[in-house]
Amino acid sequence: MYTVFGDMLSGNCYKVKLLVQFLDIPHRWVHVDILANETHTEDFQQMNPNARIPVVALGDDQYLWESNAILNYFADGTTFLPQDKYQRAKVLQWQFFEQYSHEPYIATARYINKYLGLPKERLAEYHGKQAGGYQALGVMDKHLADNQFFLGTQATIADISLYAYTHVADEGGFDLSAYTHIQRWFRDFETIPGYIKMARENA
Ligand SMILES: N[C@@H](CCC(=O)N[C@@H](CS)C(=O)NCC(=O)O)C(=O)O
């Protein structure tokens, strides 16, 4: 049985939750409170020296961190990760895009607003995230105008990586109303069997 250490409000953790639901993988979910610095304990850093969630305990003292690495691990051998070399590299291409050109803007703006309550001292940083976030949304919308999912007609972990923070981008101050192809993609993604909504509050 796998153990996932995460927070249901975090998009990076929600990526893992979505895939284990889609694949029906038995797992135990352990809540980690990042605002209480639970990722900074010695015990936690034995699992992830980078002090971040999500982390998955695979058993036999093996741990995996970085959300997209975890997705690749679980998706291997399933329809969520193609076998073809070019298609697999395309999945990675969109996942690297997510981590470099999307998450640092959209997820960080959301964190400053939703987790920290938009404190005055981070207002300039929050506003500074908007242009980069809209740039990433533009790239996605253009691609989705001609493609049902990021790799065509089959949903893959590239979609999971990008769905996690895009569908709650409003919580980072992003207006998605003009991004009609992204909205159509949301609807298609949400019909994948096993789909669960992201929690909007921790229970
Ligand atoms: N690139 C990492 C980012 C992980 C990350 O930033 N996790 C946040 C929650 S979404 C965290 O653990 N923050 C705790 C901290 O920075 O102290 C991934 O994709 O897993």
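Here are legends for several close-up views of this predicted model.

**View 1. Helix α1 meets helix α7.**
Here we look at α1, which covers residues 11-22, where it runs up against α7, residues 157-166. The two axes come within 8 Å and cross at roughly 135°. That makes α1 oblique to α7. The crossing is a right-handed one. On the α1 side, the residues that touch are G11, N12, Y14, K15, L18, L19 and F22. They meet I157, I160, S161, Y163, A164 and Y165 of α7. Sort the residues of this contact by class and you get nine nonpolar, three polar and one charged.

**View 2. Helix α3 on helix α7.**
Now for α3, made of residues 67-75, whose axis comes within 10 Å of the α7 axis. These two cross at roughly 145°, and α3 passes α7 in a right-handed crossing. From α3, the contact takes in N68, L71, N72 and A75. From α7, I157, I160 and S161 take part. The class count for α3 with α7 comes to four nonpolar and three polar residues, with no charged ones. I157, I160 and S161 of α7 are also listed in the contact with α1.

**View 3. Helix α7 against helix α8.**
Next up is α8, residues 180-189, which packs with α7 at an angle of about 115°. Their axes are 11 Å apart. That makes α7 roughly perpendicular to α8. This crossing is left-handed. α7 brings D159, I160, L162, Y163 and T166 to the contact, while α8 brings I182, W185, F186 and F189. Split by class, the contact of α7 with α8 has seven nonpolar residues, one polar and one charged. I160 of α7 shows up here, and I160 is also part of the contacts with α1 and α3.

**View 4. Around the ligand.**
There are 13 residues around the ligand, and H40, I53, E66, S67 and Q99 come nearest. For H40, a side-chain N or O atom sits 3.1 Å from an oxygen atom of the ligand. S67 places a polar side-chain atom 2.6 Å from an oxygen atom of the ligand. S67 also falls within α3, the helix of residues 67-75.

**View 5. A cis peptide at I53 and P54.**
Have a look at the bond joining I53 and P54: this peptide is cis, with omega about 5°. P54 belongs to the loop between α2 (42-47) and β3 (55-59).

The last stop is N37, a residue other than glycine with a positive phi, near 60°. You'll find N37 in the loop between β2 (27-31) and α2.

Key: Residues are numbered from 1 along each chain as its sequence is written. This is a predicted model: local features need pLDDT of at least 70, side-chain atom pairs count only at pLDDT 80 or more; totals for chains, interfaces and linings use all residues. Side-chain values use heavy atoms; hydrogens and water are left out. Axes are lines fitted to C-alpha atoms, for helices over the stretch in contact, and angles run from 0 to 180 degrees between N-to-C directions. Helices (H or I, at least four residues) and strands (E, at least two) are DSSP runs, numbered from the N terminus. Angles under 35 degrees count as roughly parallel, over 145 as roughly antiparallel, 65 to 115 as roughly perpendicular and the rest as oblique. A crossing is left-handed if the near helix is turned anticlockwise from the far one by less than a right angle, and right-handed if clockwise. Contact means heavy atoms within 4.5 Å. Ala, Val, Leu, Ile, Met, Phe, Trp, Tyr, Cys and Pro count as nonpolar, Asp, Glu, Lys and Arg as charged, and the others, Gly among them, as polar. A residue is near a molecule or strand if one of its heavy atoms lies within 4 Å of it. A polar contact is a pair of N or O atoms within 3.5 Å; within protein, one must be able to donate a hydrogen and the other to accept it, and residues adjacent in sequence count only if both atoms are side-chain atoms.
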